[in-house]
Amino acid sequence: MCLFCLEEDISCATKNVLRKNIVLRGLSEMELKSVCRMILLPVQILYYVLRASLQSLLPSRRKDLSREVVLITGGGRGIGRHLATEFAKQGARKVILWGRTEKCLKETADEISLSGTECHYFLCDVANREEVYKQAKVVREKVGDVTILVNNAAVVHGKSLMDSDDDALLKSQHINTMGQFWTTKAFLPRMLELQHGHVVCINSILSQSPIPGAIDYCTSKASSLAFMESLTLGLLDCPGVSCTTVLPFHTNTEMFQGMRVRFPQLFPPLKPEVVAQRTVEAVRSNKAFLYLPWTMHALVILKSFMPQVALEEIHKFSGSYTCMNTFKGRT
């Protein structure tokens, strides 16, 4: 009986030793893999940096737009109108315009239709979730699946926090930020199902370098940028679906009419047609983030290490500290 017990104890001890060896071997393999990944990471980063640099110098293969159905929010005027024209010009199969002013939408749609591209427009306030979902269903039934969604609709109140009306502040957040949530939720599922699609956001450099007098706009655009950064990473494992975020400097549209910088020769406002052209090119080349002009990269880099007092002096020198004092734009 004792001999049997001894054999059983030895057997149990042997099994425990084997289990420990297996666990240790597993841990060793995991540690080895982790070390290999740590060693490879800098090499991979360097490779992708060099590849991106070469791609920026060499002509890249561009996406064919001939089968794309493009929907643009705020498509009746400003950058949205130029985007619609540019997508049509570069070969989009169909263009769909969303907005709140029928007169502007109809004029833009008629202009694009005359150029030979099929164009439709629908009245839709992107701040209204139920309206977005309802009109998205109508678009699918009447026009077809949207494959490129351009979130362009935006408003600016143009006042300081203490001078701002509460309802106007909410309006900015609902259109500029929450509207993106509703439109993307409405159209992205079908893109994922088709494994084909593109979500575009017309953001602003003010999302990374805010100015006084536009606190509602800057805040909403910062939220919008975070939304796009998260969405871009979230779609890494989704084949065929991409994102593009455009961050332009002050653009010469009626939205920011009256805004003045100190040295307009050094910091000229962008032309909306240029923003539209560069945006479509970024979509066709699957560029994730586009800063306009390219010098805005320097602003972001400076902000990452300069003390606040130095940044304040830059704002005062450039005139961005007081540029909204003469604002007379459309809200």
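1. Strands 2 and 3. Valine 95 has cysteine 119 in strand 3 as its bridge partner. This is a predicted model. Strand 2 and strand 3 run parallel, joined by 6 bridges. Between them the chain passes through helix 3 (residues 102–114), and this β-α-β crossover is right-handed.

2. The whole sheet. The protein chain holds 9 helices and 7 strands. An open sheet is formed by 7 strands, in the order 3-2-1-4-5-6-7, with parallel pairing. Strand 3 (118–123) and strand 7 (289–292) are the edges; each has a single partner strand, so one side of each lacks a neighbour in the sheet. On average, neighbouring strands are turned by 15 degrees against each other, direction ignored.

3. Strands 5 and 6. Look next at residues 197–202, strand 5, and residues 241–248, strand 6. They pair in the parallel sense over 6 bridges. Valine 200 faces threonine 244 of strand 6 here.

4. Helices on the sheet. Helix 2 (residues 78–89) packs on the sheet. Helix 2 touches strand 1 (69–73), strand 2 (94–99), strand 4 (148–151) and strand 5. Its direction makes about 170 degrees with that of strand 1. Helix 5 (residues 166–194) packs on the sheet as well. The strands touched by helix 5 are strand 1, strand 2, strand 4, strand 5 and strand 6. The direction of helix 5 makes about 170 degrees with that of strand 4.

5. Aromatic pairs. The whole structure contains 5 aromatic pairs. In one of them, the ring centres of tyrosine 217 and phenylalanine 256 are 5.1 Å apart. Their planes stand at 80 degrees, so the pair is edge-to-face. Tyrosine 217 belongs to helix 6 (residues 215–234), while phenylalanine 256 sits in the loop between strand 6 and helix 7 (272–284). The pair therefore ties together parts 39 residues apart in sequence. Both tyrosine 217 and phenylalanine 256 are buried.

6. Phenylalanine 327 is in the segment after helix 9 (308–318), and the two residues are 71 residues apart. Phenylalanine 256 has a relative accessible area of 9% and is buried. Phenylalanine 327, at 15% relative accessibility, counts as buried.

7. A cluster and a charge. Phe181, Trp182 and Phe227 make up one aromatic cluster. Arginine 129 lies over the face of tryptophan 182, at 5.5 Å from the ring centre.

8. Backbone points to check. Most residues other than glycine have a negative phi, and most peptide bonds are trans. The bond from leucine 292 to proline 293 is cis, with omega near -10 degrees. Proline 293 lies in the loop between strand 7 and helix 8 (296–305). Glutamine 195 has a positive phi, near 55 degrees. It is in the loop between helix 5 and strand 5. Asparagine 286 has a positive phi, near 55 degrees, and is found in the loop between helix 7 and strand 7. Asparagine 286 counts as partly exposed, at 43% relative accessibility.

9. Overall figures. Of the 331 residues in the protein chain, 40% are buried. Among contacts between residues at least 6 apart in sequence, 74% join residues at least 24 apart.

Methods
Residues numbered from 1 in each chain as written. Predicted model: local features only at pLDDT ≥ 70, side-chain atom pairs only at ≥ 80, totals over all residues. Heavy atoms only, no water. Pairing = 2+ DSSP bridges. Helix = DSSP H or I, 4+ residues; strand = E, 2+ residues; numbered from the N terminus. Axes fitted to C-alpha atoms, helices over the stretch in contact; angles between N-to-C directions. Contact = heavy atoms within 4.5 Å. Right-handed = clockwise from strand over helix to strand, strands pointing away. Phe/Tyr/Trp six-rings, centres within 6.5 Å; stacked < 30°, edge-to-face > 60°. Buried < 20%, exposed > 50% of the residue type's maximum accessible area, 1.4 Å probe, protein only. Lys NZ or Arg CZ within 6 Å of the ring centre and 35° of its normal.
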